[in-house]
Amino acid sequence: MVLGCLSCCGRNGYQQIGNTGESATLWPLFASIDICTWMNCAFAGPRFGVRHLQCILVFFGLAVAYSLRVNLSVAIVAMTDRNASNPDFPEYDWNESTKSYLLSSFFWGYVVTQVPGGHLSAIYGAKYMLFYGVLICSCLALLTPFCASYGGWKLVVVLRAVQGLCQGVIFPSTHTFLSKWAPAEERGRLVGYCYSGSQFGTVVMLSVSGYICSSSLGWPSTFYAPGCAGILWAFVWYFYCSSTPAQHPSISPSERRYIESSGQARRSSDAGREEQPRMQTPWWSILSSGPFLVLVLAHCANNWGFWTLLTEIPTFMKNVLGMDIKSNGPLSALPYFAMILLTCVFIWLSDVLKQRGTVIPLSFSRKFFNTLGMWLPMLALVGLGYITQGEANVRLAIGLLTAAVATNSATYLGFHVNHIDLSPNFAGTLMGITNCAANFMSILAPLIVGLIVWDETNPAQWRIVFFFTAFVYFIGNLLFMLFGRTGVQSWNSPVATRTPSVGGVGGVEGEEAAQDRAPLIDA
């Protein structure tokens, strides 16, 4: 690592050595160092560097975004039942149909900006898309109590839909951001840690919202608290984040070169280049790519199963087993908390497999963890299908639900990172397309359950739902195992027009000149 390397690497990453007396003095030193050790020191980034600080900011950004997403699902109980919280705040007479509009309106806007968000983040930079997405959504959260009081539920529906529009850019922009900052060797680890922030935000909101609503602050504070946190995060993000390593003012040359030269689709001589071509998105090549279409199916299958677990299992437990876990905040947060813990476990397991000295193909790693993340929940769903009434079965159902949701975190090291594997240059666009399609599955799944389950107290009807969802999990992962790919696709680097650089150096001549200026990288 650089921290333990030569002093010249510690100062500026690289030291050019010309035909001077200094080179003659340093040559015995270089001759005594094993060339492989020297290269590892020179081109590996620090154990904790700027890229990790960026990922920490992404973690908290996703935590804030998810707290803004789930706050209404918790607050709506107190907003419609004064006896369930502090009675000093307004109560609204909203029936179940109105509640369903309020809770689903967020996703009306969310699916619209998925693809544009990924495309715009590639053009203008993920930093600004994430900044404006979280900032505007946070400001709207502060207005929610006002809209409920003076505009009624219809104005709140409009506000939530606009919040969904703002948050639709977040996941695609995060993928664009990580494709620039996560070295190939650390890609699965950093993606897993960043996206676990969404579960962290959910855990915090579900755990504390009940206490906040019952306190002197009342239910409006469930909108004020995450709204203020989001505004604070947005300004910290704006001043301490950059869309790419090349734009960050305080990154060391060695860490920047390590990040930029680690991708499969980059040549080592491209590292450190300020000038980048502006590529045209190859829409037809993307939409006709077999590996990408398999990725879309895997993402859809995962969302179908995941949201069936989170939205329908509580109904099953209330009507079949007689336990309402929605009324218990900490119990509702348990699956998400377990998901955070298992994310760390799976990342640790991935690192252990890499450190045993055995070369593990990237394709095997992605498909192995994707299998854990989709087929273990499949087994849990099969088990839930055979649960009947009884106190012991309630505990078993909670255990199976927690295991199913928690083990799904292994997909962070599976298909979730495969967008960056296939195309680092268009990872945000790919994520926007797959996440858009997958969220339609999130909307469709509860509707299909409603067609199957006529009597919510009938375990046989629920068994059909669980078995069908398990089958979707099975097929989604099977297709990913058989046809999924991890190699960078040919359309990742389409023909692009390069903006002429200062001094009239552009095109092939400028590229050759830039390669000549890259110190020691071709050695």
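User: How many cavities of 30 Å³ or more does a search of the whole structure find?
Analyst: Four. Keep in mind that this is a predicted model.

User: What volume does the largest cavity have?
Analyst: The volume of the largest cavity is about 240 Å³.

User: Which residues lie nearest its centre?
Analyst: Tyr66, Phe171, Asn303, Phe306 and His416, out of 19 residues that line the largest cavity.

User: And which elements give two or more residues to that lining?
Analyst: Helices H4 (50-80), H10 (187-214), H14 (290-319) and H19 (427-452) do. The largest share comes from H14, with five residues.

User: How do the lining residues divide into nonpolar, polar and charged?
Analyst: The lining of the largest cavity has 10 polar residues, eight nonpolar and one charged.

User: New topic, helix packing. At what angle do H16 and H20 cross?
Analyst: Roughly 165°, and the axes of H16 (residues 362-384) and H20 (residues 459-483) come within 8 Å. Angles over 145 degrees count as roughly antiparallel, so H16 is roughly antiparallel to H20.

User: Is the crossing left-handed or right-handed?
Analyst: H16 passes H20 in a left-handed crossing.

User: Which residues meet there?
Analyst: From H16 they include Arg366, Lys367, Met374, Trp375 and Leu381. From H20 they include Phe466, Phe467, Tyr473, Phe474 and Met481.

User: How does that contact divide into nonpolar, polar and charged?
Analyst: Between H16 and H20, the residues in contact are 15 nonpolar, five polar and two charged. Arg366 and Lys367, both in H16, belong to the charged class.

Note on methods. Residues are numbered from 1 along each chain as its sequence is written. This is a predicted model: local features need pLDDT of at least 70, side-chain atom pairs count only at pLDDT 80 or more; totals for chains, interfaces and linings use all residues. Side-chain values use heavy atoms; hydrogens and water are left out. Axes are lines fitted to C-alpha atoms, for helices over the stretch in contact, and angles run from 0 to 180 degrees between N-to-C directions. Helices (H or I, at least four residues) and strands (E, at least two) are DSSP runs, numbered from the N terminus. Angles under 35 degrees count as roughly parallel, over 145 as roughly antiparallel, 65 to 115 as roughly perpendicular and the rest as oblique. A crossing is left-handed if the near helix is turned anticlockwise from the far one by less than a right angle, and right-handed if clockwise. Contact means heavy atoms within 4.5 Å. On a 1 Å grid over the protein atoms alone, a cavity is a set of points where a 1.4 Å probe fits but cannot get out, and a pocket is an open set with protein on both sides within 12 Å along at least five of seven lines; lining residues have an atom within 4 Å of a point. Grid points are joined across faces, edges and corners, and a volume is the space filled by probe spheres set on the points.
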